[in-house]
Amino acid sequence: MYRGDRFSLLSLKNVQRKEDNMTEEEKTEVVETPPLFETHSVWTKAMFLELQKSAVKSRLWIWAAVISAIWIPVIVLNVIGKDWIMTLLLIILYGLLVCYLFYLPYGIAKRQYNQYRVLYGKDMEYDLCFREETVTSVNLLTGGKLSMGYEKFRRLVKTKNLYILYMEKKMVFFFHRNDFITGDAASFEAFIAGKCPQTKKKSK
């Protein structure tokens with residue numbers, strides 16, 4: 001979500017910064033045509049966690065494989081050499097490294113959730129309005145709006161509970177599958193596929 005997070009691919013803060021920098025005129029100049037699909041989301045800690053797990057899942061396994069490929073042969077050599085103290089230390093360090101890697105999504109999600117709680121004093125509330133030519137995000141706590149065309153979208157990821165739309169510059173929209181106010185999940189996927197032929201859909 002933030003560029004400073006080593007394993008994070010997301011930049012929700014970029015969306016927030018654009019909204020906060022808009023003037024009142026820019027916030028209200030979006031033509032309010034009825035959306036084809038509309039979602040209302042409350043960003044819970046569970047949603048942030050699922051978002052981060054999706055973003056770093058493949059990288060975690062790669063790093064775990066690299067560490068294992070280096071560490072396990074060293075452990076085996078120490079076992080063969082009967083250096084039990086070094087073997088024990090290596091096993092403990094190996095376990096700590098692997099645990100740290102798989103803890104990362106939890107740590108990042110917790111930090112991001114807490115940052116929004118501190119910023120707004122409550123869970124973030126967001127609406128997404130999918131119209132014929134544009135998508136408009138609405139920050140319900142500030143009134144900020146941001147619209148963009150479908151050509152900006154690069155990838156649609158479907159997790160157990162979320163839809164995650166990746167855009168240019170590592171920006172992202174995400175919402176729960178049950179967050180639809182207008183429309184439904186099946187129709188939404190077909191709509192995005194038609195509007196964004198450049199978008200690759202992945203399920204995780």
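**Cysteines and aromatic contacts**

The whole structure was searched and 0 disulfides were found, a disulfide being a pair of cysteine sulfur atoms within 2.5 Å. This is a predicted model, in which local features need pLDDT of at least 70 and side-chain atom pairs count only at pLDDT 80 or more, while totals for chains, interfaces and linings use all residues. Residues are numbered from 1 along each chain as its sequence is written, and side-chain values use heavy atoms, leaving out hydrogens and water.

**Cysteines**
- Cys129 has a relative accessible area of 8% and is buried (under 20% relative accessible area; exposed is over 50%, partly exposed in between; 1.4 Å probe, protein chains only).
- Cys196 is also buried, at 1% relative accessibility.

**Aromatic pairs**
- There are 22 aromatic pairs in the structure (Phe, Tyr or Trp rings, the six-membered ring for Trp, with centres within 6.5 Å; planes under 30 degrees apart are stacked, over 60 edge-to-face, the rest tilted).
- One of them joins Phe37 and Phe188 edge-to-face, with 5.8 Å centre to centre and 75 degrees between the planes.
- This pair links distant parts of the chain, 151 residues apart: Phe37 belongs to strand S1 (residues 37–42) and Phe188 to helix H5 (residues 185–195) (DSSP runs numbered from the N terminus; helices are H or I, at least four residues, strands E, at least two).
- Both Phe37 and Phe188 are buried.
- One aromatic cluster includes Phe37, Phe188, Tyr163 and Phe191.

**Charges over rings**
- Arg155 sits over the face of Tyr166, 4.2 Å from the ring centre (NZ of Lys or CZ of Arg within 6 Å of the ring centre and within 35 degrees of the ring normal).
- Arg177 lies over the face of Tyr163, at 5.7 Å from the ring centre.
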